[in-house]
Amino acid sequence: GDVIVVCPTAPPAIPGFSTQFDEATIQAVSGKTVTLVAPLLFAHPAVTVAPGVVMTAEILNLEQSVCLAGEVGHRIHLMMMSGQPQVMRNFCVEHFGPRQDNGLGETAFVLGRYGWHEHEMGEAARGSLVENAVFSRGGSHAIVPHTSHGLTTRNCVTYDTLEEPYWWDRQNDP
């Protein structure tokens, strides 16, 4: 039942190669064999990157047991403003990062509204950890340590995220 994403591996000569992500649902797992509910839409060939070095498609598992989620048109954001390090593991954030109309028929991210935002925690953030997190369907940056120092991210995935997924605002840094 987990939802996975198979990343594109098609060569650049193939039209649309960079957008050939496949979302799929796992039906069963038996040893090293994974059966999907439906076939993939795109080919995901192995790629030889150097003599004797072959890479295959990356697989993203978008499921976690704890999920903080907004919905289409009602995106959420998480903001930490603590005097101590924050530690979060094994979670997902979906439909995050509100957007606003920029008056040109487009939308723009809303400053300060990100998937995970450590806001001006300075040295108090040192030791913060975001681990095994999945950020998907984001309208803004996924993880932003804004004038917060010492945040570690480990084994995190962002998928279908607008703006740079991992970002920091250095305007207030010394």
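Q: Which residues form a nonpolar patch on the surface?
A: Patches join residues with over 30% relative accessible area and no salt bridge; nonpolar side chains (Val, Leu, Ile, Met, Phe, Trp, Tyr) are joined within 5 Å, like charges within 9 Å. A salt bridge is a Lys or Arg side-chain nitrogen within 4 Å of an Asp or Glu carboxyl oxygen. Here Val47, Val49, Val53 and Met55 form the patch, with about 310 Å² of accessible area together. Areas come from the Shrake-Rupley method with a 1.4 Å probe; for residues, only the protein chains shown count as cover.

Q: What kind of model is this?
A: The model is predicted: local features need pLDDT of at least 70, side-chain atom pairs pLDDT 80 or more, while totals for chains, interfaces and linings use all residues. Residues are numbered from 1 along each chain as its sequence is written, and side-chain values use heavy atoms, without hydrogens and water.

Q: Is Met55 buried, partly exposed or exposed?
A: Buried means under 20% relative accessible area, exposed over 50%, partly exposed in between. Met55 has 47%, so it counts as partly exposed.

Q: How many aromatic pairs are there?
A: Rings of Phe, Tyr and Trp (its six-membered ring) pair if their centres lie within 6.5 Å; planes under 30 degrees apart are stacked, over 60 edge-to-face, the rest tilted. The count comes to seven. Phe109 and Tyr114 form a tilted pair, 6.3 Å centre to centre with 40 degrees between the planes.

Q: Why is the pair of Tyr114 and Trp167 edge-to-face?
A: Because their planes are at 70 degrees, with the centres 5.8 Å apart. Tyr114 is buried at 2% relative accessibility; Trp167 is partly exposed at 23%.

Definitions and conventions: Buried means under 20% relative accessible area, exposed over 50%, partly exposed in between (1.4 Å probe, protein chains only).
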